[in-house]
Amino acid sequence: MSTVLTDRLQSAKQDAIRIIDSDADAFSEVNRAIWRFAEPSLLEHKSAEQLARLLEENGFTVTRGVADMPTAFVAEWGTGRPIIGILAEYDSLPSLSQKAQPEREPIVPGGYGHGCGHSVFGTACTFAGIATKQAMARAGIAGRVRVYGCPAEELLVGKVYMARAGLFNDLDAAISWHPADKTQVSLGSGKAMVSVHYTFAGVASHASASPHRGRSALDAVELMNVAANYMREHVKEDARIHYVITDGGIQPNVVPPSASVWYYIRADRHEDVEAYLAWVDQIAKGAAMMTQTMLVERKIDTDCHELVPNRAIADALDRNLRLVGPPRFSDEEKEFATRIRATIPDAPEGPALNEDIAPLSTEPRRGAGSTDVGDVSWLVPTEQFRVTTQANGCPGHSWQITACTGTSIGEKGGMVAAKTLACTALELLADAGLRERAKKEFQERRGGVPYRLLIPSDQKPPIPGNAG
Ligand SMILES: [Zn+2]
């Protein structure tokens with residue numbers, strides 16, 4: 001980059017940081033609104049609208065209801081190239097409703113809560129987009145910034161269907177973050193995963209008076225699961241297969257005429273998931289044959305890919321995270337976090353709230369979880385980072401995270417995330433060399449493996465309440 005461009009970029013970054021600082025009250029308002037909405041995956045109507053409207057009010061052109069999901073949107077500002085995407089999430093989780101206090105007490109017993117911190121996640125991405133736009137306009141940085149409103153990350157659905165709709169294809173790079181108990185850029189990885197439902201049909205009959213006339217669909221499900229458990233012995237160590245019976249009949253005196261089982265099949269590589277799915281399919285057919293029932297449906301509702309890490313973007317994120325600095329917490333916030341930690345039996349040693357930036361980890365982390373950010377990372381250079389928004393040692397998907405996310409602890413971390421995203425977006429827009437390095441690395445890591453989705457091309461997203 002020329003010195004003129006470097007100077008312009010540095011002052012644009014300072015501009016973005018100032019803009020986000022001056023928006024602190026609005027940031028908190030938006031986070032708390034979405035935190036209170038606490039909407040389930042694919043039903044995040046108010047949360048998505050809150051963010052989409054804010055982007056619209058700030059000059060973005062918003063397309064709502066993309067990829068057949070009413071709660072998905074794409075907001076764009078600028079013209080021409082390059083195009084940088086920021087990936088926002090805002091869905092919540094069942095049974096994790098919780099007041100913003102360090103003792104367990106739900107707002108709505110059994111209700112939804114932001115136990116993964118997505119209220120501040122979506123808020124930070126939105127404020128990052130707005131600050132990037134304003135700093136671009138003032139500094140005369142060319143290109144486009146996009147904020148993607150990605151629903152249903154918790155079901156690994158949103159970005160998969162958005163990827164299928166081709167919404168990420170023209171991006172030069174995508175960036176995101178996640179709320180956490182530490183602040184760090186690490187090369188992302190995680191497992192590819194397919195979610196698949198099998199339904200069997202048998203013949204109902206009186207289970208005691210005429211069992212010989214019945215054929216149990218539940219038997220097929222049970223034998224299928226037994227076979228899958230034997231299959232486990234012969235898969236790679238990184239594979240994970242888990243299931244729940246979603247329909248096992250109604251009452252014991254009726255031979256179950258229908259039964260269903262829901263599987264997640266995971267592995268470090270998507271091609272292994274494809275192979276294991278084909279095996280589980282054979283098992284299902286075999287179970288139907290053994291029980292003289294019929295396999296009437298086999299439905300994949302989502303299929304996500306493992307993350308493709310990108311060191312070039314990770315370096316940029318790390319650089320900007322250090323420019324912004326880690327979140328700093330008050331004594332009152334530390335006291336809150338200490339009381340949260342007292343409710344966690346195996347909380348690790350260390351401070352109540354992490355206030356440092358951990359070193360950039362240069363080896364991809366082999367996480368056991370899955371994320372639909374993986375699908376974006378198969379299509380364009382993508383990387384993410386984590387920022388402290390919760391007490392040190394909070395278990396994933398917990399009421400403790402809901403509690404912290406609804407306070408200034410979550411918001412201080414979220415502001416750091418927003419600034420880091422904005423600075424990195426500006427750098428990606430201004431620095432053609434960085435984009436080139438990211439792209440070259442992306443192509444090397446991806447190799448020649450095609451992006452293959454196992455979801456049928458005409459299948460609609462699994463929106464609750466919709467048939468099919
Ligand atoms: Zn999450």
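Two residues are taken to be in contact if their C-beta atoms, placed from the backbone, lie within 7 Å. The structure is a predicted model, in which local features need pLDDT of at least 70 and side-chain atom pairs count only at pLDDT 80 or more, while totals for chains, interfaces and linings use all residues. Residues are numbered from 1 along each chain as its sequence is written.

View 1. Thr 424 is found in H12, residues 408-430, where helices (H or I, at least four residues) and strands (E, at least two) are DSSP runs numbered from the N terminus. Once its neighbours within four places in sequence are set aside, Thr 424 is in contact with Ile 175, Ala 316, Leu 317 and Asn 320. Thr 424 counts as buried because 31 other C-beta atoms lie within 10 Å; a residue is buried at 20 or more such atoms within 10 Å of its own C-beta atom, exposed at 12 or fewer, and partly exposed in between, with C-beta atoms placed from the backbone. The C-alpha atoms of Thr 424 and Ala 314 are separated by 9.7 Å, although these residues stand 110 residues apart along the chain.

**View 2. The two domains and their contact.** The domain assignment, which is automatic or from a database, gives domain 1 as 3-190 + 306-446 and domain 2 as 192-304. Taken over C-alpha atoms, the centres of domain 1 and domain 2 are 37 Å apart. Ten residues from domain 1 and ten residues from domain 2 make up the contact.

**View 3. Helix H3 and what covers it.** Helix H3 has 13 residues (45-57), which at 1.5 Å a residue should span 18 Å, and its end C-alpha atoms are 18 Å apart, in agreement; the expected span is 1.5 Å times one less than the number of residues. The buried residues of H3 are Ser 47, Ala 48, Gln 50, Leu 51, Ala 52, Leu 54 and Leu 55. These buried residues pack against several elements, among them helix H2 (24-37), strand E3 (83-89) and strand E4 (143-150). Just after H3, Gly 59 takes a positive phi of about 95 degrees.

**View 4. Strand E4 between its partners.** Seven of the eight residues of E4 are buried. E4 pairs with E2 in the antiparallel sense over seven bridges, pairing being assigned if DSSP finds at least two bridges between two strands, and Ala 75 stands opposite Val 147 in E4. E3 and E4 run parallel and are joined by seven bridges, with Cys 150 in E4 as the bridge partner of Glu 89. The β-α-β crossover from E3 through H4 to E4 is right-handed, that is, with the strands pointing away from the viewer, the path from the first strand over the helix to the second runs clockwise.

**View 5. Backbone geometry in three loops.** Most residues other than glycine have a negative phi, and most peptide bonds are trans. A cis peptide bond, with omega of about -5 degrees, joins Arg 81 and Pro 82, and Pro 82 lies in the loop between E2 and E3. Asp 68, in the loop between E1 and E2, has a positive phi of about 65 degrees although it is not a glycine; Asp 68 counts as partly exposed, with 15 C-beta neighbours inside 10 Å. Ala 152, in the loop between E4 and helix H5 (158-164), likewise has a positive phi, of about 50 degrees, but Ala 152 counts as buried, with 27 C-beta neighbours inside 10 Å.
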